Amino acid sequence: MESISNKNSITRRSFLKKAGSITSTTALSPFAFSTLLSGFSDDKRIIVIGAGLAGLSCAYELDKAGYNVILLEARKRPGGRVRTFRDPFADHLYAEMGAEYVNSEDSYAREYAKNFGLKILNAKLYDGIFVRGKRYNMAAFQSQNQQLPYEGVEGGQLFGQEEPYIQSWIEKVDDWAVDNDVSCFSCHEYGGQPVIDNPIDWSHLPEDILALDKLSIKELLINEGAPKDIIDLYTYTNATESTGRPETLSAFRLVMGHYMAGGFSEDTDEGRILGGNDQLPKSFAKAISSNIKYNRPVRKIVHGKNSVEVFFDEKGKQTSVKGIRTVIAIPLTTLRRTDIVPYFSEEKMNVIREQSYGHVMKIAMQFKKRIWDEKGSMGQRIFTDTPLRRVYHFSIDQPGPRGILLSFTSGADAEKLGRMSEEKRLTVARNTSGKLWPKTPKYWESGISKYWNEDPWVRGSYSFVGPGQHDFLNIIRRPEGQVHFAGEHTTIHRASMNGAIQSGVRASDEIKQIG
(Lines give C-alpha, C1' and ligand atoms only; values in the text may rest on other atoms or scores of the structure.)
Protein backbone atom coordinates (compact mmCIF):
# COMPACT_ATOMS: atom_id res chain seq x y z
CA MET A 1 0.00 0.00 0.00
CA GLU A 2 1.36 3.40 -0.91
CA SER A 3 1.93 6.24 1.52
CA ILE A 4 -0.64 8.96 1.82
CA SER A 5 0.28 11.95 -0.31
CA ASN A 6 -2.79 14.16 -0.20
CA LYS A 7 -6.01 14.84 1.65
CA ASN A 8 -7.98 12.58 -0.68
CA SER A 9 -5.78 9.55 -0.04
CA ILE A 10 -7.23 6.78 2.04
CA THR A 11 -5.70 5.96 5.46
CA ARG A 12 -5.57 2.48 6.88
CA ARG A 13 -8.09 3.45 9.49
CA SER A 14 -10.56 4.96 7.06
CA PHE A 15 -10.12 2.02 4.68
CA LEU A 16 -10.97 -0.48 7.40
CA LYS A 17 -13.84 1.64 8.55
CA LYS A 18 -15.30 1.68 5.05
CA ALA A 19 -14.53 -1.93 4.21
CA GLY A 20 -15.72 -3.24 7.55
CA SER A 21 -13.04 -5.79 8.37
CA ILE A 22 -10.10 -6.81 6.22
CA THR A 23 -11.26 -9.08 7.07
CA SER A 24 30.15 -12.56 43.85
CA THR A 25 31.68 -16.23 43.73
CA THR A 26 28.99 -18.77 43.30
CA ALA A 27 29.00 -22.41 44.41
CA LEU A 28 28.97 -24.51 41.27
CA SER A 29 27.14 -27.80 41.03
CA PRO A 30 29.50 -30.66 40.05
CA PHE A 31 26.94 -32.11 37.64
CA ALA A 32 25.84 -28.90 36.02
CA PHE A 33 25.41 -29.56 32.31
CA SER A 34 28.48 -31.84 32.33
CA THR A 35 26.99 -34.14 29.73
CA LEU A 36 25.05 -31.58 27.75
CA LEU A 37 27.93 -29.16 27.33
CA SER A 38 30.70 -31.62 26.55
CA GLY A 39 32.19 -30.93 23.14
CA PHE A 40 30.67 -27.45 22.89
CA SER A 41 32.65 -24.24 23.18
CA ASP A 42 31.34 -21.36 25.30
CA ASP A 43 32.05 -18.92 22.46
CA LYS A 44 29.44 -20.62 20.27
CA ARG A 45 26.60 -20.97 22.75
CA ILE A 46 23.31 -19.05 22.79
CA ILE A 47 21.43 -19.12 26.10
CA VAL A 48 17.67 -18.60 25.94
CA ILE A 49 15.91 -17.86 29.23
CA GLY A 50 12.29 -18.91 29.51
CA ALA A 51 10.37 -21.67 27.73
CA GLY A 52 7.21 -19.78 27.04
CA LEU A 53 6.26 -19.40 23.41
CA ALA A 54 8.74 -16.55 22.94
CA GLY A 55 11.71 -18.55 24.21
CA LEU A 56 10.58 -21.73 22.50
CA SER A 57 10.16 -20.14 19.08
CA CYS A 58 13.49 -18.34 19.40
CA ALA A 59 15.38 -21.49 20.43
CA TYR A 60 13.57 -23.51 17.75
CA GLU A 61 14.58 -21.14 14.96
CA LEU A 62 18.18 -20.84 16.20
CA ASP A 63 18.47 -24.61 16.47
CA LYS A 64 17.19 -25.00 12.91
CA ALA A 65 19.83 -22.51 11.79
CA GLY A 66 22.60 -24.63 13.35
CA TYR A 67 23.26 -22.68 16.54
CA ASN A 68 24.28 -24.30 19.82
CA VAL A 69 21.26 -23.38 21.94
CA ILE A 70 20.45 -23.98 25.60
CA LEU A 71 16.98 -23.14 26.89
CA LEU A 72 16.58 -22.67 30.64
CA GLU A 73 13.11 -22.90 32.18
CA ALA A 74 12.09 -22.44 35.84
CA ARG A 75 9.07 -24.69 35.63
CA LYS A 76 8.86 -28.41 34.93
CA ARG A 77 6.88 -27.80 31.75
CA PRO A 78 7.01 -25.65 28.62
CA GLY A 79 4.49 -23.00 27.69
CA GLY A 80 4.71 -20.21 30.25
CA ARG A 81 1.35 -18.50 30.34
CA VAL A 82 -0.13 -21.09 27.99
CA ARG A 83 -1.74 -23.46 30.50
CA THR A 84 -4.27 -26.13 29.65
CA PHE A 85 -5.88 -27.88 32.63
CA ARG A 86 -6.98 -31.49 32.06
CA ASP A 87 -6.58 -33.51 35.28
CA PRO A 88 -9.25 -31.70 37.35
CA PHE A 89 -12.05 -32.65 34.99
CA ALA A 90 -14.10 -35.73 34.09
CA ASP A 91 -14.75 -37.22 30.65
CA HIS A 92 -11.47 -35.95 29.19
CA LEU A 93 -12.71 -32.37 29.37
CA TYR A 94 -10.13 -29.58 29.45
CA ALA A 95 -9.96 -25.83 29.86
CA GLU A 96 -7.57 -23.06 28.87
CA MET A 97 -6.52 -21.40 32.11
CA GLY A 98 -3.98 -19.11 30.46
CA ALA A 99 -3.56 -17.73 26.96
CA GLU A 100 -6.54 -18.75 24.94
CA TYR A 101 -7.25 -17.16 21.61
CA VAL A 102 -5.76 -17.23 18.15
CA ASN A 103 -7.35 -14.44 16.15
CA SER A 104 -7.82 -14.54 12.40
CA GLU A 105 -4.88 -12.13 11.94
CA ASP A 106 -2.46 -14.10 14.14
CA SER A 107 -0.21 -15.23 11.29
CA TYR A 108 2.71 -16.47 13.41
CA ALA A 109 0.59 -18.64 15.70
CA ARG A 110 -1.40 -19.99 12.79
CA GLU A 111 1.63 -20.79 10.66
CA TYR A 112 3.44 -22.71 13.41
CA ALA A 113 0.24 -24.51 14.38
CA LYS A 114 -0.13 -25.57 10.75
CA ASN A 115 3.50 -26.71 10.56
CA PHE A 116 2.98 -28.87 13.66
CA GLY A 117 -0.24 -30.35 12.29
CA LEU A 118 -2.52 -28.54 14.74
CA LYS A 119 -5.96 -27.25 13.82
CA ILE A 120 -7.62 -24.00 14.86
CA LEU A 121 -11.15 -24.21 16.24
CA ASN A 122 -13.26 -21.12 15.66
CA ALA A 123 -14.75 -19.67 18.83
CA LYS A 124 -18.37 -18.69 19.22
CA LEU A 125 -19.12 -14.98 19.21
CA TYR A 126 -20.87 -13.30 22.13
CA ASP A 127 -24.59 -14.05 22.03
CA GLY A 128 -25.74 -12.60 25.35
CA ILE A 129 -25.26 -9.60 27.62
CA PHE A 130 -25.91 -9.40 31.37
CA VAL A 131 -25.36 -5.96 32.88
CA ARG A 132 -26.86 -4.16 35.83
CA GLY A 133 -28.95 -7.21 36.61
CA LYS A 134 -30.67 -7.36 33.24
CA ARG A 135 -30.44 -9.81 30.34
CA TYR A 136 -30.02 -8.82 26.73
CA ASN A 137 -29.87 -10.79 23.54
CA MET A 138 -26.81 -9.78 21.50
CA ALA A 139 -28.62 -9.99 18.17
CA ALA A 140 -31.49 -7.86 19.44
CA PHE A 141 -29.06 -5.32 20.85
CA GLN A 142 -27.04 -5.14 17.66
CA SER A 143 -30.21 -4.59 15.63
CA GLN A 144 -31.06 -1.82 18.13
CA ASN A 145 -34.20 -3.52 19.34
CA GLN A 146 -32.77 -3.44 22.85
CA GLN A 147 -30.98 -0.60 24.63
CA LEU A 148 -28.33 -1.06 27.31
CA PRO A 149 -28.90 0.74 30.63
CA TYR A 150 -25.87 3.02 30.17
CA GLU A 151 -26.15 6.74 29.56
CA GLY A 152 -24.51 7.80 26.31
CA VAL A 153 -24.59 4.42 24.56
CA GLU A 154 -25.49 4.76 20.91
CA GLY A 155 -26.25 2.16 18.26
CA GLY A 156 -25.86 -1.56 18.52
CA GLN A 157 -22.15 -1.79 19.21
CA LEU A 158 -21.00 -2.97 22.63
CA PHE A 159 -17.30 -2.12 22.31
CA GLY A 160 -16.05 1.28 21.18
CA GLN A 161 -18.70 3.47 22.79
CA GLU A 162 -15.93 5.82 23.92
CA GLU A 163 -14.92 6.70 20.37
CA PRO A 164 -17.25 9.68 19.81
CA TYR A 165 -15.67 11.41 22.81
CA ILE A 166 -12.14 11.11 21.39
CA GLN A 167 -13.00 11.62 17.73
CA SER A 168 -11.34 15.03 17.58
CA TRP A 169 -8.05 13.46 18.73
CA ILE A 170 -8.32 10.67 16.17
CA GLU A 171 -8.87 13.26 13.44
CA LYS A 172 -5.81 15.22 14.61
CA VAL A 173 -3.65 12.12 14.13
CA ASP A 174 -5.28 11.43 10.78
CA ASP A 175 -4.71 15.00 9.55
CA TRP A 176 -1.09 14.99 10.75
CA ALA A 177 -0.45 11.70 8.93
CA VAL A 178 -1.81 13.11 5.69
CA ASP A 179 0.07 16.40 6.01
CA ASN A 180 3.34 14.56 6.68
CA ASP A 181 2.93 11.95 3.95
CA VAL A 182 2.89 8.90 6.21
CA SER A 183 0.61 5.91 6.46
CA CYS A 184 -0.91 4.08 9.39
CA PHE A 185 0.18 0.79 7.85
CA SER A 186 3.66 1.96 8.76
CA CYS A 187 2.92 1.83 12.47
CA HIS A 188 3.50 -1.90 12.64
CA GLU A 189 2.85 -5.12 10.80
CA TYR A 190 -0.88 -5.52 11.07
CA GLY A 191 -3.12 -8.06 9.44
CA GLY A 192 -0.33 -9.31 7.24
CA GLN A 193 0.47 -5.82 5.95
CA PRO A 194 4.23 -5.14 5.94
CA VAL A 195 5.84 -2.03 7.30
CA ILE A 196 6.27 0.40 4.41
CA ASP A 197 8.18 3.58 3.60
CA ASN A 198 7.50 6.86 5.41
CA PRO A 199 6.47 5.25 8.70
CA ILE A 200 4.85 7.10 11.55
CA ASP A 201 7.54 7.79 14.11
CA TRP A 202 5.38 8.36 17.15
CA SER A 203 8.06 10.59 18.70
CA HIS A 204 7.42 13.02 15.82
CA LEU A 205 3.73 13.40 16.52
CA PRO A 206 2.52 16.86 17.63
CA GLU A 207 3.19 17.69 21.27
CA ASP A 208 -0.47 17.89 22.20
CA ILE A 209 -1.04 14.34 20.96
CA LEU A 210 2.08 13.01 22.69
CA ALA A 211 0.93 14.74 25.87
CA LEU A 212 -2.00 12.33 25.98
CA ASP A 213 0.46 9.74 27.28
CA LYS A 214 0.50 11.65 30.56
CA LEU A 215 -3.19 10.96 30.99
CA SER A 216 -5.12 7.81 31.79
CA ILE A 217 -8.07 6.79 29.69
CA LYS A 218 -10.38 7.75 32.52
CA GLU A 219 -8.87 11.22 32.72
CA LEU A 220 -9.16 11.79 28.98
CA LEU A 221 -12.76 10.67 28.80
CA ILE A 222 -13.70 12.90 31.74
CA ASN A 223 -11.92 15.84 30.05
CA GLU A 224 -13.84 15.18 26.84
CA GLY A 225 -17.22 15.12 28.58
CA ALA A 226 -17.96 11.41 28.53
CA PRO A 227 -20.67 10.33 31.02
CA LYS A 228 -19.61 8.15 33.92
CA ASP A 229 -21.54 5.30 32.33
CA ILE A 230 -19.30 5.33 29.26
CA ILE A 231 -16.25 4.99 31.50
CA ASP A 232 -17.97 2.24 33.49
CA LEU A 233 -18.80 0.36 30.29
CA TYR A 234 -15.21 0.69 29.09
CA THR A 235 -14.17 -1.03 32.33
CA TYR A 236 -16.07 -4.10 31.22
CA THR A 237 -15.16 -3.95 27.53
CA ASN A 238 -11.62 -3.13 26.39
CA ALA A 239 -10.19 -2.52 29.87
CA THR A 240 -11.16 -6.07 30.76
CA GLU A 241 -9.35 -7.36 27.68
CA SER A 242 -6.26 -5.35 28.68
CA THR A 243 -6.55 -6.65 32.29
CA GLY A 244 -6.23 -3.07 33.46
CA ARG A 245 -8.62 -0.33 34.52
CA PRO A 246 -9.48 2.96 32.80
CA GLU A 247 -7.36 4.77 35.40
CA THR A 248 -4.28 2.58 34.73
CA LEU A 249 -4.32 2.59 30.90
CA SER A 250 -2.71 5.20 28.63
CA ALA A 251 -4.97 7.68 26.86
CA PHE A 252 -2.40 7.96 24.07
CA ARG A 253 -2.74 4.28 23.31
CA LEU A 254 -6.51 4.58 23.28
CA VAL A 255 -6.42 7.29 20.63
CA MET A 256 -3.79 5.54 18.53
CA GLY A 257 -5.67 2.26 18.81
CA HIS A 258 -8.80 3.82 17.41
CA TYR A 259 -6.80 5.60 14.72
CA MET A 260 -5.38 2.26 13.59
CA ALA A 261 -8.85 0.73 13.69
CA GLY A 262 -7.46 -1.97 15.94
CA GLY A 263 -8.60 -3.46 19.21
CA PHE A 264 -10.90 -6.19 20.41
CA SER A 265 -14.65 -6.09 19.92
CA GLU A 266 -17.61 -8.43 20.18
CA ASP A 267 -17.11 -9.19 16.48
CA THR A 268 -13.44 -10.22 16.73
CA ASP A 269 -12.87 -13.50 14.92
CA GLU A 270 -11.30 -15.69 17.58
CA GLY A 271 -10.21 -19.30 17.73
CA ARG A 272 -8.09 -21.71 19.74
CA ILE A 273 -6.14 -24.87 19.08
CA LEU A 274 -8.39 -27.88 18.81
CA GLY A 275 -7.64 -30.24 21.68
CA GLY A 276 -5.78 -27.69 23.78
CA ASN A 277 -3.38 -24.79 23.33
CA ASP A 278 -0.70 -26.64 25.29
CA GLN A 279 -0.08 -28.70 22.16
CA LEU A 280 1.68 -25.74 20.55
CA PRO A 281 4.42 -25.24 23.17
CA LYS A 282 4.70 -29.01 23.54
CA SER A 283 5.31 -29.30 19.80
CA PHE A 284 8.08 -26.71 19.95
CA ALA A 285 9.54 -28.41 23.04
CA LYS A 286 9.50 -31.86 21.44
CA ALA A 287 11.40 -30.56 18.42
CA ILE A 288 14.21 -29.16 20.61
CA SER A 289 13.89 -31.47 23.63
CA SER A 290 17.64 -32.03 24.01
CA ASN A 291 18.17 -28.25 24.27
CA ILE A 292 15.73 -27.62 27.14
CA LYS A 293 16.58 -27.82 30.82
CA TYR A 294 13.55 -27.61 33.12
CA ASN A 295 13.46 -26.72 36.84
CA ARG A 296 16.34 -24.26 36.34
CA PRO A 297 15.15 -20.84 37.56
CA VAL A 298 17.59 -18.12 36.53
CA ARG A 299 18.84 -15.95 39.39
CA LYS A 300 21.57 -13.78 37.85
CA ILE A 301 22.68 -12.58 34.42
CA VAL A 302 26.24 -11.32 33.95
CA HIS A 303 26.96 -9.77 30.57
CA GLY A 304 30.12 -8.32 29.09
CA LYS A 305 31.44 -7.04 25.80
CA ASN A 306 31.82 -10.46 24.17
CA SER A 307 30.14 -12.97 26.45
CA VAL A 308 27.41 -13.72 28.96
CA GLU A 309 27.13 -15.95 32.01
CA VAL A 310 23.78 -17.05 33.39
CA PHE A 311 23.46 -18.31 36.96
CA PHE A 312 20.56 -20.60 37.88
CA ASP A 313 19.37 -23.09 40.49
CA GLU A 314 19.87 -26.78 39.73
CA LYS A 315 18.90 -29.53 42.17
CA GLY A 316 19.25 -27.29 45.19
CA LYS A 317 22.54 -25.69 44.19
CA GLN A 318 23.50 -22.74 42.08
CA THR A 319 25.52 -23.16 38.93
CA SER A 320 26.14 -21.23 35.74
CA VAL A 321 26.59 -21.56 32.02
CA LYS A 322 28.51 -19.28 29.68
CA GLY A 323 27.75 -18.28 26.13
CA ILE A 324 28.26 -15.58 23.54
CA ARG A 325 24.71 -14.23 23.70
CA THR A 326 21.54 -14.62 25.67
CA VAL A 327 17.88 -14.04 24.89
CA ILE A 328 15.75 -13.01 27.86
CA ALA A 329 12.25 -14.29 27.17
CA ILE A 330 10.61 -14.07 30.60
CA PRO A 331 8.04 -11.54 31.86
CA LEU A 332 9.49 -8.31 33.24
CA THR A 333 7.70 -9.09 36.51
CA THR A 334 10.20 -11.97 36.81
CA LEU A 335 13.20 -10.21 35.32
CA ARG A 336 12.91 -7.37 37.85
CA ARG A 337 13.60 -9.96 40.57
CA THR A 338 16.71 -11.25 38.77
CA ASP A 339 20.22 -9.85 39.40
CA ILE A 340 21.63 -8.10 36.33
CA VAL A 341 25.38 -7.38 36.32
CA PRO A 342 26.10 -4.76 35.22
CA TYR A 343 22.78 -2.99 34.97
CA PHE A 344 21.45 -2.36 31.50
CA SER A 345 21.04 1.23 30.33
CA GLU A 346 19.07 3.53 32.62
CA GLU A 347 16.09 3.68 30.30
CA LYS A 348 16.02 -0.10 29.90
CA MET A 349 16.14 -0.64 33.67
CA ASN A 350 13.32 1.85 34.09
CA VAL A 351 11.12 -0.13 31.73
CA ILE A 352 11.97 -3.40 33.50
CA ARG A 353 10.99 -1.87 36.84
CA GLU A 354 7.93 0.09 35.74
CA GLN A 355 6.20 -1.76 32.90
CA SER A 356 2.55 -2.21 33.76
CA TYR A 357 0.96 -5.64 34.10
CA GLY A 358 -2.64 -6.38 34.96
CA HIS A 359 -4.57 -8.76 37.16
CA VAL A 360 -6.32 -11.77 35.69
CA MET A 361 -8.13 -14.86 36.91
CA LYS A 362 -9.86 -17.67 35.10
CA ILE A 363 -12.30 -20.08 36.73
CA ALA A 364 -13.33 -23.35 35.12
CA MET A 365 -16.65 -24.79 36.30
CA GLN A 366 -17.72 -28.36 35.51
CA PHE A 367 -21.42 -29.13 35.24
CA LYS A 368 -23.04 -32.52 34.65
CA LYS A 369 -25.45 -31.02 32.15
CA ARG A 370 -25.09 -28.28 29.57
CA ILE A 371 -28.09 -26.23 30.56
CA TRP A 372 -26.80 -23.24 28.57
CA ASP A 373 -27.83 -25.13 25.42
CA GLU A 374 -31.43 -25.48 26.50
CA LYS A 375 -34.31 -23.51 25.07
CA GLY A 376 -34.67 -20.15 26.75
CA SER A 377 -30.98 -19.85 27.61
CA MET A 378 -29.53 -16.40 27.16
CA GLY A 379 -26.66 -17.92 25.21
CA GLN A 380 -23.36 -19.76 25.36
CA ARG A 381 -20.98 -16.81 25.57
CA ILE A 382 -22.03 -13.98 27.83
CA PHE A 383 -20.60 -10.50 28.35
CA THR A 384 -21.23 -9.39 31.94
CA ASP A 385 -20.45 -6.75 34.55
CA THR A 386 -20.42 -9.44 37.27
CA PRO A 387 -17.23 -10.48 39.12
CA LEU A 388 -16.70 -13.15 36.43
CA ARG A 389 -16.78 -10.58 33.59
CA ARG A 390 -16.79 -13.03 30.64
CA VAL A 391 -18.51 -16.39 31.02
CA TYR A 392 -18.72 -18.91 28.21
CA HIS A 393 -19.23 -22.54 27.27
CA PHE A 394 -15.73 -23.87 26.69
CA SER A 395 -16.38 -27.50 25.74
CA ILE A 396 -17.73 -26.75 22.26
CA ASP A 397 -15.35 -29.29 20.67
CA GLN A 398 -16.25 -32.14 23.03
CA PRO A 399 -19.40 -34.26 23.45
CA GLY A 400 -21.57 -34.04 26.54
CA PRO A 401 -23.40 -34.49 28.68
CA ARG A 402 -20.90 -32.76 30.94
CA GLY A 403 -19.48 -29.40 30.02
CA ILE A 404 -17.28 -26.61 31.29
CA LEU A 405 -18.13 -22.97 31.73
CA LEU A 406 -15.01 -20.82 31.74
CA SER A 407 -14.77 -17.28 33.08
CA PHE A 408 -12.26 -14.54 32.37
CA THR A 409 -11.95 -11.89 35.08
CA SER A 410 -9.49 -9.02 35.19
CA GLY A 411 -8.79 -5.69 36.84
CA ALA A 412 -10.34 -4.86 40.20
CA ASP A 413 -12.62 -7.90 40.19
CA ALA A 414 -9.66 -10.24 39.66
CA GLU A 415 -7.81 -8.53 42.53
CA LYS A 416 -10.81 -8.97 44.80
CA LEU A 417 -11.23 -12.63 43.89
CA GLY A 418 -7.47 -13.09 44.25
CA ARG A 419 -7.68 -12.19 47.94
CA MET A 420 -10.23 -14.95 48.53
CA SER A 421 -9.65 -18.61 49.32
CA GLU A 422 -10.24 -21.14 46.57
CA GLU A 423 -13.49 -22.18 48.26
CA LYS A 424 -14.80 -18.63 48.28
CA ARG A 425 -13.76 -18.05 44.67
CA LEU A 426 -15.76 -21.07 43.59
CA THR A 427 -18.74 -19.96 45.67
CA VAL A 428 -18.75 -16.65 43.82
CA ALA A 429 -18.46 -18.49 40.51
CA ARG A 430 -21.33 -20.84 41.33
CA ASN A 431 -23.61 -18.07 42.52
CA THR A 432 -22.81 -15.84 39.57
CA SER A 433 -23.39 -18.57 37.00
CA GLY A 434 -26.75 -19.12 38.67
CA LYS A 435 -27.72 -15.56 37.83
CA LEU A 436 -26.90 -16.15 34.20
CA TRP A 437 -28.35 -19.65 33.90
CA PRO A 438 -30.72 -20.30 36.87
CA LYS A 439 -30.40 -24.10 36.69
CA THR A 440 -26.60 -24.23 36.92
CA PRO A 441 -26.37 -24.63 40.76
CA LYS A 442 -28.39 -27.85 40.42
CA TYR A 443 -25.89 -29.34 38.00
CA TRP A 444 -22.65 -27.98 39.52
CA GLU A 445 -19.97 -30.64 40.06
CA SER A 446 -16.62 -28.93 40.61
CA GLY A 447 -14.45 -25.97 39.78
CA ILE A 448 -10.88 -24.67 39.82
CA SER A 449 -9.30 -21.22 39.51
CA LYS A 450 -6.02 -19.87 38.18
CA TYR A 451 -4.94 -16.44 39.43
CA TRP A 452 -1.85 -15.51 37.47
CA ASN A 453 -0.81 -12.79 39.91
CA GLU A 454 -0.03 -15.48 42.51
CA ASP A 455 1.93 -17.59 40.04
CA PRO A 456 5.58 -17.34 41.24
CA TRP A 457 6.99 -17.15 37.69
CA VAL A 458 4.60 -14.50 36.40
CA ARG A 459 2.98 -12.48 39.19
CA GLY A 460 0.76 -10.69 36.74
CA SER A 461 -1.30 -11.10 33.62
CA TYR A 462 0.33 -9.62 30.54
CA SER A 463 1.73 -6.21 29.74
CA PHE A 464 -0.26 -3.15 28.82
CA VAL A 465 0.62 0.47 28.16
CA GLY A 466 0.11 2.60 31.24
CA PRO A 467 0.34 6.40 31.35
CA GLY A 468 3.84 7.55 30.47
CA GLN A 469 4.75 4.23 28.82
CA HIS A 470 4.11 4.76 25.11
CA ASP A 471 7.85 4.52 24.31
CA PHE A 472 8.51 1.47 26.52
CA LEU A 473 8.08 -0.96 23.64
CA ASN A 474 10.88 0.47 21.51
CA ILE A 475 13.18 0.62 24.52
CA ILE A 476 12.64 -2.90 25.85
CA ARG A 477 13.04 -4.74 22.57
CA ARG A 478 16.39 -3.15 21.64
CA PRO A 479 19.38 -5.47 22.28
CA GLU A 480 21.94 -4.41 24.89
CA GLY A 481 25.35 -5.71 23.84
CA GLN A 482 25.17 -9.51 23.91
CA VAL A 483 21.67 -9.54 25.40
CA HIS A 484 18.47 -9.77 23.36
CA PHE A 485 14.87 -9.51 24.50
CA ALA A 486 11.70 -11.39 23.58
CA GLY A 487 8.22 -11.82 25.01
CA GLU A 488 4.77 -10.37 24.39
CA HIS A 489 5.89 -7.16 26.13
CA THR A 490 8.40 -6.58 23.29
CA THR A 491 5.90 -6.58 20.43
CA ILE A 492 2.96 -4.54 19.23
CA HIS A 493 0.95 -7.78 19.37
CA ARG A 494 0.79 -7.65 23.15
CA ALA A 495 -1.05 -10.14 25.31
CA SER A 496 -1.14 -12.88 22.71
CA MET A 497 0.47 -16.16 21.78
CA ASN A 498 1.03 -14.69 18.34
CA GLY A 499 2.98 -11.75 19.79
CA ALA A 500 5.12 -14.04 21.92
CA ILE A 501 6.04 -16.19 18.92
CA GLN A 502 6.69 -13.17 16.70
CA SER A 503 9.04 -11.71 19.33
CA GLY A 504 10.98 -14.98 19.57
CA VAL A 505 11.41 -15.13 15.82
CA ARG A 506 12.55 -11.49 15.78
CA ALA A 507 15.15 -12.15 18.48
CA SER A 508 16.45 -15.18 16.57
CA ASP A 509 16.70 -13.08 13.41
CA GLU A 510 18.72 -10.45 15.30
CA ILE A 511 21.26 -13.11 16.24
CA LYS A 512 21.35 -14.69 12.80
CA GLN A 513 21.93 -11.31 11.17
CA ILE A 514 24.97 -10.78 13.40
CA GLY A 515 26.35 -14.13 12.28
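Figure 1. The view is taken from a predicted model, in which a search of the whole structure finds twelve aromatic pairs. One of these joins tyrosine 60 to phenylalanine 284 in an edge-to-face arrangement, with 5.3 Å from centre to centre and 85° between the planes. Tyrosine 60 belongs to helix 2 (residues 53-64) and phenylalanine 284 to helix 11 (residues 279-287), so that the pair links distant parts of the chain, 224 residues apart. Phenylalanine 284 is also classed as buried, because its relative accessibility is 0%. Together with Tyr112 and Phe116, the residues Tyr60 and Phe284 form one aromatic cluster.

**Figure 2. A tryptophan pair between two loops.** The ring centres of tryptophan 372 and tryptophan 437 lie 6.3 Å apart and their planes meet at 65°, so this pair is edge-to-face, a label that applies to angles over 60 degrees. Tryptophan 372 is found in the loop between strand 15 (360-367) and strand 16 (381-384), while tryptophan 437 is in the loop between helix 15 (422-436) and helix 16 (440-443), and the pair therefore ties together parts that are 65 residues apart in sequence. Tryptophan 372 is buried at a relative accessible area of 2%, and tryptophan 437 is buried at 3%.

**Figure 3. The largest nonpolar core around isoleucine 129.** This core has 42 residues, of which Ile129, Leu148, Leu158, Val255 and Phe383 touch the most other members. Among the elements that contribute two or more residues to the core are strand 6 (128-131), helix 5 (163-179), helix 8 (228-236) and helix 10 (251-259). Leaving aside residues up to four places away in sequence, isoleucine 129 is in contact with residues including Met138, Phe141, Leu148, Leu158, Ile382 and Phe383, as well as with Lys134 and Arg135. Another core, of 34 residues, lies apart from this one and includes Ala51, Cys58, Ala109 and Ile288. In soluble globular proteins, nonpolar side chains tend to be buried together.

**Figure 4. Two arginines placed over tyrosine rings.** The charged end of arginine 132 sits over the ring of tyrosine 150, at 4.0 Å from the ring centre.

Technical notes
Residues numbered from 1 in each chain as written. Predicted model: local features only at pLDDT ≥ 70, side-chain atom pairs only at ≥ 80, totals over all residues. Heavy atoms only, no water. Core = buried A, V, L, I, M, F, W, Y, C linked by side-chain atoms within 4.5 Å. Buried < 20%, exposed > 50% of the residue type's maximum accessible area, 1.4 Å probe, protein only. Helix = DSSP H or I, 4+ residues; strand = E, 2+ residues; numbered from the N terminus. Contact = heavy atoms within 4.5 Å. Phe/Tyr/Trp six-rings, centres within 6.5 Å; stacked < 30°, edge-to-face > 60°. Lys NZ or Arg CZ within 6 Å of the ring centre and 35° of its normal.
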